[in-house]
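Please open the model in your viewer, with the sequence panel beside it, and keep a way of selecting residues by number at hand. We will go from stop to stop, and at each one you will be told what to select and what to look for there.

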Amino acid sequence: MALLKIARMGNPVLFQRCEPVPDPGAPEIRRLVADMTETMEDAPGVGLAAPQVHVPLRLFVFRIPGERGSDDPEDLPVGNSVLINPEVTLLSDDRVLRWEGCLSIPGLRAAVPRAPRVRYRGVDCDGRVTERTVSGFHAGVIQHEHDHLDGILYTMRLTDFRLFGFAEDLARAARPDGKGPG
Ligand code: NI
């Protein structure tokens, strides 16, 4: 396995609509998924989409840590996972603001409007289908990663630029004494 170089905002590969993966079981796809998983863990991050490692194909890896303390049963923790050729359906017209960052936009965070609940479906390299309805943080991660496959970065979804900034400054501002980190 190998760590992959992550494309940063400004790289055209991040702004294109990705193509479906013709053969999820192909050796080069298995290698890509393994390398993307290692790269995500090393970063560390909770999601990484193929265009972020310069491969314009419809797949992403993600993980939903269990130690966040969410008591929502649909905010399901999962270990390292892959979704190839995913389909994502937003289950509400409502939007909630969720704090997000992106490995392609290091150091910055923003509150992004997201659907509170989604259904998703995709396959892994062995053709096993994952189909779930999820909420909360899990739903936010899926929407963020799926957006990458359509060339959309979270910054393109912002509605309130007062809630966009450098992570260290946002943490400082969140502390009552203003001296952060919050
Ligand atoms: Ni991202």
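Begin by selecting strand β3 (residues 78–90) and strand β6 (residues 117–123), which run antiparallel and are joined by five bridges; strands here are DSSP runs of E with at least two residues, helices are runs of H or I with at least four residues, and both are numbered from the N terminus. Two strands are said to pair if DSSP finds at least two bridges between them. As a landmark for this pairing, show T89, which stands opposite R119 in β6.

Before going further, note that this is a predicted model, in which local features need pLDDT of at least 70 and side-chain atom pairs count only at pLDDT 80 or more, while totals for chains, interfaces and linings use all residues. Residues are numbered from 1 along each chain as its sequence is written, and side-chain values use heavy atoms, with hydrogens and water left out.

With a relative accessibility of 26%, N85 counts as partly exposed, a class that lies between buried (under 20% relative accessible area) and exposed (over 50%), as found with a 1.4 Å probe on protein chains only.

**The three-stranded sheet**

Next, select β4, β5 and β8, which in the order β4-β5-β8 make an open sheet of three strands with antiparallel pairing. Its edge strands are β4 (96–100) and β8 (164–166), each of which pairs on one side only. From one strand to the next the twist averages 25°, where axes are lines fitted to C-alpha atoms, for helices over the stretch in contact, and angles between N-to-C directions run from 0 to 180 degrees.

Strand β5 (residues 108–114) pairs with β8 over three bridges, and within this pairing A110 has F164 in β8 as its bridge partner. Helix α3 (residues 167–174) packs on the sheet, where it touches β4, β5 and β8, and its direction makes about 105° with that of β8; contact means heavy atoms within 4.5 Å. Then show helix α2 (residues 136–149), which lies across β4 and β5 and runs at about 70° to β4.

**The nickel site**

Which protein atoms are the donors of the nickel ion? They are C102 (SG), H144 (NE2) and H148 (NE2), lying 2.1 to 2.3 Å from the ion; donors are N, O and S atoms within 2.8 Å of the metal (3.2 Å for Na, K and Ca), and since water is not among the atoms, sites may look incomplete. In the sequence panel, the donor residues are spaced C-x41-H-x3-H. H144 and H148 are separated by about one helical turn, because they are four residues apart in helix α2. Both histidines are buried, H144 with a relative accessible area of 6% and H148 with 1%.

In helix α2, also select D147, which counts as buried at 8% relative accessibility. Leaving aside neighbours within four places in sequence, D147 is in contact with R114, I152 and R157.

Where do the buried residues of α1 find their cover? Among what covers them are β1, β2 and β3, and the buried residues of α1 include I29, L32, V33 and M36.

Move on to the loop between α1 (27–42) and β1 (47–49), where P44 has its place, and look at the cis peptide bond that joins A43 and P44, with omega about -10°. In the loop between β1 and β2 (59–64), select H54: this residue has a positive phi of about 70° although it is not a glycine, and H54 is partly exposed, with a relative accessible area of 37%.

**The whole chain**

Finally, show everything at once: the protein has three helices and eight strands, and along the sequence they follow the pattern α-β-β-β-β-β-β-β-α-β-α. Of the 182 residues of the protein, 43% count as buried.
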